[in-house]
Each structure stands twice: as structure tokens, then as C-alpha cells.
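Here is a short walk through one protein structure. Keep the 3D view open and follow along, one element at a time.

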Amino acid sequence: MKEKHYEILNILIDKYENSAAFKGTSLRKRKIQLKLYQVYPHYGKSEHYSETEEIENEVDILFKLHFIREGKSSDFGHRDIILNTDEEMIDQIYQYLGRANLKQEQQYFLTTLESYQENNWINNFLKEIKLRTQNFQSLYPYLESNSVQELQDIIRILNFMQSLHEEISYRKFSIMTLQDSKKLELYKNKIYHIIHDFYDDTINNENEAFETFGIIRNPSMIFIKGNMRFQIKDQVIDLKNLNYHFSFYSDYIAELEIINIHAKKIITVENWTSFNDLELKDALIIYLGGFHHSAITQFLLKIYYFLNDKVSYYHFGDIDAGGFYIYLNLLKKTNIPFQTWKMNLHILKQYEKYARPLTQNDISRLKKIKEEMHDSVIDYMLEKNIKLEQEIITSE
């Protein structure tokens, strides 16, 4: 066990690093001092003479090293001490303690931050980290500390996520980015918070954050129903002969060849219950499951390239902020001319008695949506403070 003078010196350095002058929030340089009895309650008491003498001897080591100066009281048993904060001496103290110099670490971290030239939402994340670092604020929940290695790993992950054009397994992605199949687990929660706060605040969990970019734990499934005939390898599937929905692994999409589609409209559906309940003879219905992954994008594009503008394209989702975010995301990801289906003012008024009140987060998100989408239903939702889940809406 190290001697008490190491303990005393570490306490002083802690106080130094937490001082306003160190953090740059005050120009006034205050003394970093310590009353020994505050740390050692027995110090100075006659019945604990030997312990008091031991502490005095330990403090004397610090005086001889010029790490501390006398405080207001230098009396035996009542001593208080002041840290020597001369820049050169502070460096020596950090070395003596074997402790990282927080200011040097901070500068190295900031220099690394500034070396990144990102022009998108990742840049907004970096700006936030820079601001917090400069203000000596916690980097939680995005980073554990101002570790350059952690920062580099996180940026590598985010950039690689953005560059993906097809689905990839979670473990394979971890190997490709971090050269370790399990290391991504260390960062998954941080990545979720970064994506939620700087990319899309409608993403609700870690899996959804990764699936949004096509990184999946298990092969995803495509669920469809309607009048469609297609072939995968040598197998022909005719949906009109089925009385229920059909599903297949997303791995097959590259080999899927469409033979024909007999439909007037293509409808993507946000929620599972509504997908199962929806029965339309003139539509091909595809389960979206919230924010669609890259496999759904590929499948929808295959349909669009086959049909082009011969049919109409619709999205059916909740009449709430999440539902409209999913719709807008669908438009951006596919560039297919989707319209909303049963997500209008007439439907909302028809089922208004089943509506629920908006949360403050709902209100903020709906106001953001208005910047991209001008629809009277959004104005009505904000005016009446209501939202509606799609499960209550019938297909009639």
C-alpha cells in the first residue's frame, strides 16, 4: 500500500482539477488547500498522537519535494497545506503520482476531435463533444471519458454505418470495424444514444439503431401478402394461392425475380396487427415494422423498377409523430412517390374518440415534421393535442 502522502497529494490534485480556475470558468486563481483533520478525523487528537505524528512525517515528504506550501496554520495537529500549482511543479506532481495530466489529455483529445472533417450529423455529435470537453463536462452517454482510442473507435463505427449499402450481421460488422467480433458490444449503448440524439430521435432502442443502417443480429424477414408471383432460384411462389401472408429471408432478395404483380396499389404497413388485419384485393401489402431496414428498401425498389408508375404507392401508419417520421424516412430511403393512406384529417376526426394525448416530445417532433410536410392533420393534432394508433382504423 502506498504511503499517506500519495493519498494527500491525490486529494489535492482532485481539488485542483475541480477548481473553477482549472476549468477556465474563473480568472481568479484560488489556493488549493487542505485541512488535514477533514481527511483524518483522529489527526491532532492527543489520544491519537502516533497517528498524528505519522501524518506529519508524510506531509514533511511533500514539503521537501516542494509539492505543497504552508497554509494559515502550521501547528502540529492543526496544520493545513496548500498545493503548489506552478505549471512546472504540477507536471512533476502528475509524474510522481503516475497519474495522467488532465489538461494534457484534454488538449490531445481536442486536437484529435478537430482532425475529423465530417459534414453531417456526425459533425453535430463532434461539436457537442468538443463543447463539453472544453467546459470539463461529462461526455456521458456518448463517451466514457476523453479517451482518444474510444473516440476513434466510435467515429470509425459511425462512418462505416453510413457507408453500408446492404445488410450485414452484427458480428461481421464488429470484425470489419474493430477487428473483434465482440468489441462492438462495448459501444452499442453509446452508439444508440448518438444516433438517437444526432441522427433520428424516433429510434427507441439499440437494435433499432443498428437495424436502421442494415446491421442485424439475425437475418431479417420480409412479410408480404397479395397477388404477386415471383421466383427465388428454381422455386416459384404464387401469393394468390395462399390464404395468409408469406415470408422469406432477406438474404434471398438479390436472387428474387418478379414474374407478375396484379395490384392497383402497393401499401407498406407500420404495425404488425394492422398488417394482419388489412385485407384488400387490389393491393400488395408489405409489413414495414417501423423504420425499415435496407432489405426492405431493396425489395421495394425491385417492385418499383418492375411496376414503375403503373400503380400507386402508399404508407399506412400511426397518426402520430412516429408514424409520419417513418413515412418521411420511407420517402428518403427509396425515392418512391409514396403517399399516406388513412393518415389524414378525415380519418383522425372519424376515430377521434379513441385518440390519446400528445406528450411534450410528440409536440416537439410534430413541429419539426411541419418543416418538411405541410398537412392539415398535423395542425389538427397540435391544436387538439391528440394522436391515434393505426390498429383502431379499419380498412373499409
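This is a predicted model: local features need pLDDT of at least 70, side-chain atom pairs count only at pLDDT 80 or more; totals for chains, interfaces and linings use all residues.

The crossing of the two helices is right-handed. Which residues make the contact? From α7 come W121, I122, F125 and L126. From α8 come L151, I154, I155, L158, N159 and Q162. Sort the residues of this contact by class, and you get eight nonpolar, two polar and no charged ones.

Stay with α7 for a moment. This helix covers residues 121-134, and T133 is found in it. Is T133 buried or exposed? Its relative accessible area is 5%. Buried means under 20%, so T133 is buried. What does T133 touch, leaving aside residues up to four places away in sequence? Its contacts are Q106, F109, L110, L113 and L139.

Now go back to α8, residues 148-163, and look at its packing with α9, residues 170-178. Two packed helices are described by the angle between their axes and the distance between the axes. For α8 and α9, the axes come within 10 Å and cross at roughly 120 degrees. That angle makes α8 oblique to α9. This crossing, too, is right-handed. On the α8 side, the contact involves D153, R156, I157, F160 and M161. On the α9 side, F173, M176, T177 and L178 take part. Here the classes are six nonpolar, one polar and two charged residues.

Find strand β6, residues 221-225. How many of its five residues are buried? Four are, so the rest of the structure largely encloses this strand.

Which strands pair with β6? One is β9, residues 246-249. β6 and β9 pair in the antiparallel sense, over four bridges. To see this pairing in the model, find F223, which stands opposite S247 in β9. Another partner is β12, residues 283-287. β6 and β12 also run antiparallel, and two bridges join them. Here, look for K225, which stands opposite I285 in β12.

How values were computed
Residues are numbered from 1 along each chain as its sequence is written. Side-chain values use heavy atoms; hydrogens and water are left out. Buried means under 20% relative accessible area, exposed over 50%, partly exposed in between (1.4 Å probe, protein chains only). Two strands pair if DSSP finds at least two bridges between them. Contact means heavy atoms within 4.5 Å. Axes are lines fitted to C-alpha atoms, for helices over the stretch in contact, and angles run from 0 to 180 degrees between N-to-C directions. Angles under 35 degrees count as roughly parallel, over 145 as roughly antiparallel, 65 to 115 as roughly perpendicular and the rest as oblique. A crossing is left-handed if the near helix is turned anticlockwise from the far one by less than a right angle, and right-handed if clockwise. Ala, Val, Leu, Ile, Met, Phe, Trp, Tyr, Cys and Pro count as nonpolar, Asp, Glu, Lys and Arg as charged, and the others, Gly among them, as polar.
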